[in-house]
Amino acid sequence: MSWAWPEGIRNLRGGGIRLEPLSLSHVAGLTEAAATATDHEWDMGFVPRPDDMKVYVNRAIYDLRAGRSFPFAVCLETGEPIGTSWFRVFDPWRKKLEIGFTWYAAPYRKGVANLQTKLLLMSFAFDVLHCILVEFLVYEGNWPSRRAVAGLGARQDGMLRRVIPMGDGTFGDVVVFSVSNDEWPGVKGAMASRLESRRQVLLNGLRAADPTES
């Protein structure tokens with residue numbers, strides 16, 4: 001039996017962030033965003049190489065049409081793309097979903113873009129799709145992402161070996177984090193509180209960095 005993503009998934013926005021279904025119209029902006037990454041991030045596959053962006057987006061569109069994933073361009077309210085984050089491997093029977101392929105332009109990594117993006121995605125996963133578990137798979141050596149996911153309130157469950165394709169053609173191990181539906185109200189409240197604190201910082205004219213972001 002085929003399954004279709006709900007239409008409401010196309011209108012996820014809040015806190016200055018718009019999540020738009022990833023399309024070829026985002027290639028130019030995402031190419032600029034990816035150009036802010038380091039050689040290490042490109043080599044390890046954490047961020048797509050700018051020259052590979054059209055291939056990356058076409059693969060995302062293929063996965064979307066096949067019903068396997070729902071990839072988003074993370075955009076500012078101005079429409080400027082600053083990165084991506086995907087709904088991955090949704091199992092409507094087991095009510096389990098993975099969020100992955102998340103990366104941002106360097107200037108936005110220590111701000112609140114990731115926190116706001118994850119709040120939008122997880123709210124949809126738990127409150128609309130009625131998931132019982134949301135998972136995050138992070139390459140074991142990507143410590144900034146591991147700290148960021150743990151900072152969301154996700155629990156570290158364990159490790160899976162030889163899962164993620166690396167830039168050198170090998171496959172790396174990943175650390176599995178998750179949030180369950182009974183943990184979600186507390187996690188959601190904490191995320192909303194942190195975002196409100198950052199908004200107050202902005203109103204006071206100070207840097208709106210989130211100390212749990214990397």
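**Ring pairs, sheet and helices in a predicted model**

The structure holds 10 aromatic pairs; a pair here is two rings of Phe, Tyr or Trp (its six-membered ring) with centres within 6.5 Å, called stacked with planes under 30 degrees apart, edge-to-face over 60 and tilted for the rest. Take W5 and F70: their ring centres are 5.7 Å apart and the planes stand at 70°, so this pair is edge-to-face. W5 sits in the segment before strand 1 (12-14) and F70 in strand 3 (residues 69-76), so the pair ties together parts 65 residues apart in sequence. Helices (H or I, at least four residues) and strands (E, at least two) are DSSP runs, numbered from the N terminus. W5 and F70 are both buried, where buried means under 20% relative accessible area, exposed over 50%, and partly exposed in between, with a 1.4 Å probe and protein chains only.

A word on the basis. This is a predicted model, in which local features need pLDDT of at least 70 and side-chain atom pairs count only at pLDDT 80 or more, while totals for chains, interfaces and linings use all residues. Residues are numbered from 1 along each chain as its sequence is written, and side-chain values use heavy atoms, with hydrogens and water left out.

Back to the rings. W5 and F70 also belong to a cluster linked by ring pairs, together with F72, F87, F90 and F124. Another pair is F46 with Y139, which is tilted, at 5.8 Å centre to centre and 45° between the planes. F46 is in the loop between helix 2 (39-43) and helix 3 (53-65), and Y139 is in strand 6 (residues 133-139), 93 residues away. F46 and Y139 are both buried.

There is also a charge over a ring: R146 lies over the face of W143, 3.9 Å from the ring centre. The rule asks for NZ of Lys or CZ of Arg within 6 Å of the ring centre and within 35 degrees of the ring normal.

Next, the cysteines. How many disulfides are there? The count is zero, taking a disulfide as a pair of cysteine sulfur atoms within 2.5 Å. C75 is buried at 0% relative accessibility, and C131 is buried at 2%.

Eight strands form an open sheet in the order 1-2-3-4-5-6-8-7, with mixed pairing; two strands pair if DSSP finds at least two bridges between them. Strand 1 and strand 7 (155-165) are the edges, each pairing on one side only. Strand 4 (residues 81-91) and strand 5 (residues 96-104) are antiparallel, with six bridges, and T84 has W103 in strand 5 as its bridge partner. Strand 7 and strand 8 are also antiparallel, joined by seven bridges. In their hairpin, five residues lie between the strands, and G169 takes a positive phi near 95°.

Which strands does helix 5 (residues 143-151) lie across? Helix 5 lies across strand 6, strand 7 and strand 8, and runs at about 160° to strand 6. For such angles, axes are lines fitted to C-alpha atoms, for helices over the stretch in contact, and angles run from 0 to 180 degrees between N-to-C directions. Contact means heavy atoms within 4.5 Å.

Last, R59, which is in helix 3. R59 is partly exposed, with a relative accessible area of 40%. R59 touches W86 and F101, leaving aside residues up to four places away in sequence.
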